[in-house]
Amino acid sequence: MIQLYGMSSPNVRKVVVALEEMGLAYEPHHVAVFRGEQFTEEFLALNPLAKVPVIRDPEGPAAGEPIFESGAILIYLAESYGPQFLPADGPARYAVLKWLMLQVASAGPAFGNHSHFRLQHEANPYAARRFRHMAAQIYQVLEGRLGKADWLGGDAYSIADMAVWPWARYLQRHGMDPAEFPNLTAWEARIAERPAVIRADGVIRRFGEQDSADRVESPPAEREMLVGLHIPAPSAQAAAAIMTTTERT
Ligand SMILES: N[C@@H](CCC(=O)N[C@@H](CS)C(=O)NCC(=O)O)C(=O)O
């Protein structure tokens, strides 16, 4: 049976939605991210970047090799079990893949940083402005796409919709006016009604109860782990090299 390692976050929700849409049997394991469980040796063997979601599928084509990165997991699941959610070839395949990649490479990081710096705007107004702008641009691009097609990939609901949907639900929380995003809002509501999506909500709610308990109980040192503050700072020389690379890109 497929093993799912997760918590109540949007990146995990997209995988739970896919598992439910494909009617797969799976065993959810809560990872106590708010208590630093992602940094244990056991979890790092699943994902060296210490992040959920991860799946293991002992009987499937990956033969139990852990799969991390939600985009890779969605492609794996669709290719193995849900061909209706990712066309095997032709333009429709690449339409799905490019919107999926837009989510994992651009929307996820931009929305995540927007949320983070919205809360930290007094400490860093520049970063708050920058990520708000990036998030707004992505929401507008999604709105434009959904004005031209019913689904992100075109005519059919796909893993691209599953990837974007858990994040697009934050439109209002991200400070955007839903009235300016009628297509995105209608698409969001259509997906929310799907039986598989409703079932996924139950799984995420149970993860959320465990996350809330961990959050209350975790001491400040464990909370620091979540933002990576425990990782030793790079030496001055390494930091300078990183700066130079960043400035060049
Ligand atoms: N690009 C990754 C992002 C995964 C990610 O950021 N996971 C978060 C929860 S949504 C996490 O595990 N955070 C724990 C940490 O950063 O220590 C994906 O799409 O799977």
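These legends describe close-up views of a predicted model. Residues are numbered from 1 along each chain as its sequence is written. Local features need pLDDT of at least 70, side-chain atom pairs count only at pLDDT 80 or more, and totals for chains, interfaces and linings use all residues.

**View 1. The four-stranded sheet.** Four strands make an open, mixed sheet in the order β2-β1-β3-β4. Strands are DSSP runs of E, at least two residues, and helices are runs of H or I, at least four residues; both are numbered from the N terminus. Two strands pair if DSSP finds at least two bridges between them.

**View 2. The β1-β3 pairing.** Strands β1 (residues 2-6) and β3 (residues 54-56) run antiparallel, joined by three bridges. Leu4 has Ile55 of β3 as its bridge partner.

**View 3. The largest nonpolar core.** This core holds 57 residues. It is a set of buried Ala, Val, Leu, Ile, Met, Phe, Trp, Tyr and Cys residues joined through C-beta atoms within 7 Å. Buried means that 20 or more other C-beta atoms, placed from the backbone, lie within 10 Å of the residue's own. Val15, Leu74, Ile159 and Val164 have the most contacts inside the core. Helix α6 (residues 159-168) gives the largest share, eight residues. Domain 1 (2-84 + 196-226) and domain 2 (86-192) both contribute, so the core lies between them. Domain bounds come from an automatic or database domain assignment.

**View 4. Around Val164.** Beyond its neighbours within four places in sequence, Val164 contacts Gln103, Ala107, Leu142 and Leu152. Contact means C-beta atoms, placed from the backbone, within 7 Å.

Definitions and conventions. A residue is buried if 20 or more other C-beta atoms lie within 10 Å of its own, exposed if 12 or fewer, and partly exposed in between; C-beta atoms are placed from the backbone. Two residues are in contact if their C-beta atoms, placed from the backbone, lie within 7 Å.
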